[in-house]
Amino acid sequence: HFGSSHLGASRSRLAQAATQTFRPVSSLPALAMDSNAPKLAKVEKVLGRTGSRGGVIQVRVQFMYETAPELAGRSLIRNVKGPVREGDILALLETEREARRLR
């Protein structure tokens, strides 16, 4: 019973977050016009784990036309922290840098 009001508040926030609707990028035309906007890239292939404890996953991504027409079709190798699988879409803030290949 101690702190039960706090628990109820966090549950309602979780329920609110779960019911939020997310709009697809195509419905946000201003995003593509902003040069600082994140560029979307689709994970083509998971290459393997890296980092001292294997907490980073190296992936090959291909840029999508929707947010970066000038980069569309170009692919890069990037390091991703956290769970990722083929087909996922990453929002990259920086598009010039490429990760070094795994050894």
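Colleague: In the hairpin of β1 and β2, which residue takes a positive phi?

Modeller: Gly-51 does, with a phi near 90°. That hairpin has five residues between its two strands. Keep in mind that this is a predicted model.

Colleague: How do β1 and β2 pair, and over how many bridges?

Modeller: They pair in the antiparallel sense, over eight bridges. Strand β2 covers residues 56-63. As one example, Arg-49 has Ile-57 in β2 as its bridge partner.

Colleague: Let me step back. How many helices and strands are in the chain?

Modeller: The chain has two helices and four strands. Read from the N terminus, the order of elements is α-α-β-β-β-β.

Colleague: And what order do the strands have in the sheet?

Modeller: The sheet is open, its order is β3-β2-β1-β4, and the pairing is antiparallel. The edges are taken by β3 (75-81) and β4 (89-92). Each of these has a single partner strand, so one of its sides has no neighbour in the sheet. From one strand to the next, the twist averages 50°.

Colleague: What holds strands of a sheet together in general?

Modeller: They pair through backbone hydrogen bonds, in a parallel or an antiparallel way.

Colleague: How many bridges join β1 to β4?

Modeller: Four, and the two strands run antiparallel. Strand β1 is residues 39-50. Lys-42 has Ile-89 as its bridge partner in β4, and Leu-40 stands opposite Ala-91 of β4.

Colleague: Change of topic. Which residues of the largest nonpolar core touch the most other members?

Modeller: That core has 13 residues, and the ones touching the most other members are Val-43, Val-59, Val-61, Phe-63, Val-84, Leu-90 and Leu-92. At least two residues of the core come from each of β1, β2, β3 and β4. The most come from β2, which gives four.

Colleague: What does Leu-90 touch, not counting residues up to four places away in sequence?

Modeller: On that count, Leu-90 touches Lys-39, Leu-40, Ala-41, Val-43, Val-59, Val-61, Val-80 and Val-84.

Colleague: Where is Thr-95 found?

Modeller: In the segment after β4.

Colleague: How many residues does the chain have, and what share of them count as buried?

Modeller: There are 103 residues, of which 23% count as buried. The chain exposes about 8000 Å², and 53% of that is supplied by carbon and sulfur atoms. Among contacts with a separation of 6 or more, 46% are between residues 24 or more positions apart.

Technical notes: Residues numbered from 1 in each chain as written. Predicted model: local features only at pLDDT ≥ 70, side-chain atom pairs only at ≥ 80, totals over all residues. Heavy atoms only, no water. Pairing = 2+ DSSP bridges. Axes fitted to C-alpha atoms, helices over the stretch in contact; angles between N-to-C directions. Buried < 20%, exposed > 50% of the residue type's maximum accessible area, 1.4 Å probe, protein only. Contact = heavy atoms within 4.5 Å. Areas by Shrake-Rupley, 256 points an atom, 1.4 Å probe, with all protein chains shown as cover. Core = buried A, V, L, I, M, F, W, Y, C linked by side-chain atoms within 4.5 Å.
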